[in-house]
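Please keep the sequence and the model in view while reading.

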Amino acid sequence: MLGAWRSGGFSKSARLRGLSQLKKGPSRLRTIDLVSMDIRDLVRLRKAKDRIDREFDRPLDVPDLARSAAMSTGHFSRSFKAAFGESPYSYLMTRRIERSKALLRRGDTSVTDACFAVGCTSLGSFSSRFSELVGESPSAYRARSHSVAAVIPSCVIMVMTKPIRNEEAAAPHRS
């Protein structure tokens, strides 16, 4: 790895990020910043991401996505996270939660039906993940009034209400 670093195998921005991390101390150096991406890998990763967007309601797992991208599972997961900022599984679950929010906003779909419609197989896991990302249970989200959102295009709602992970959200201060 150090050989690629010295010989210029990494982009200039990756080397600069790495140098700024080294100045803080070698223990803080993050190898994910130093991953060199081949354009063919990026194309395959983008196709895998598009597949998640298209087939989120089907049973998908990381090994299957990695096979379709012609990569090992570990390399696929690391490369996906480096390219898109989140793991393939997190991206899949975010898409599923986004879609379930749209179904629950309509009000004519039960939580159980929304869970299975988006490809989740466990209502308990779905509810836990929904609560973690949205901040309230699916039942509470469904019961809340969404009449204001009725006049806003769904594409705008999707962008504005995209679920965020706990580490991205501002953590409440505890006394």
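Which residues does Pro 138 touch, not counting residues up to four places away in sequence?

## Pro 138 and its neighbours

This is a predicted model. Pro 138 touches Leu 104, Val 111, Phe 126, Ser 127, Phe 130 and Ser 131, with residues up to four places away in sequence left out. Pro 138 sits in helix H9 (residues 138-143).

Pro 138 is buried: its relative accessible area is 2%, and the cut-off for buried is under 20%. Val 111 lies 27 residues from Pro 138 in sequence. The C-alpha atoms of Pro 138 and Val 111 are 6.4 Å apart.

## H6 against H8

Helix H6 (residues 88-106) and helix H8 (residues 123-134) have axes that come within 10 Å. Those axes cross at roughly 90°. That makes H6 roughly perpendicular to H8.

From H6, the contact uses Ser 90, Met 93, Ile 97, Ser 100, Lys 101 and Leu 104. From H8, Phe 126, Arg 129, Phe 130, Leu 133 and Val 134 take part. By class, the residues of this contact are 7 nonpolar, 2 polar and 2 charged.

Helix H5 (residues 73-84) has 12 residues. At 1.5 Å a residue, H5 should span 16 Å, and its end C-alpha atoms are 16 Å apart, which agrees.

Phe 76, Ser 79 and Phe 80 are buried in H5. Seen down the axis of H5, the buried residues fall within an arc of 105°, so they line one face of the helix. Their cover includes helix H3 (39-55), helix H4 (62-68) and H6. Just after H5, Gly 85 has a positive phi of about 85°.

Note on methods. Residues are numbered from 1 along each chain as its sequence is written. This is a predicted model: local features need pLDDT of at least 70, side-chain atom pairs count only at pLDDT 80 or more; totals for chains, interfaces and linings use all residues. Side-chain values use heavy atoms; hydrogens and water are left out. Axes are lines fitted to C-alpha atoms, for helices over the stretch in contact, and angles run from 0 to 180 degrees between N-to-C directions. Helices (H or I, at least four residues) and strands (E, at least two) are DSSP runs, numbered from the N terminus. Angles under 35 degrees count as roughly parallel, over 145 as roughly antiparallel, 65 to 115 as roughly perpendicular and the rest as oblique. Contact means heavy atoms within 4.5 Å. Ala, Val, Leu, Ile, Met, Phe, Trp, Tyr, Cys and Pro count as nonpolar, Asp, Glu, Lys and Arg as charged, and the others, Gly among them, as polar. The expected span of a helix is 1.5 Å times one less than its number of residues. Buried means under 20% relative accessible area, exposed over 50%, partly exposed in between (1.4 Å probe, protein chains only). The arc is that of the directions from the helix axis to the C-beta atoms.
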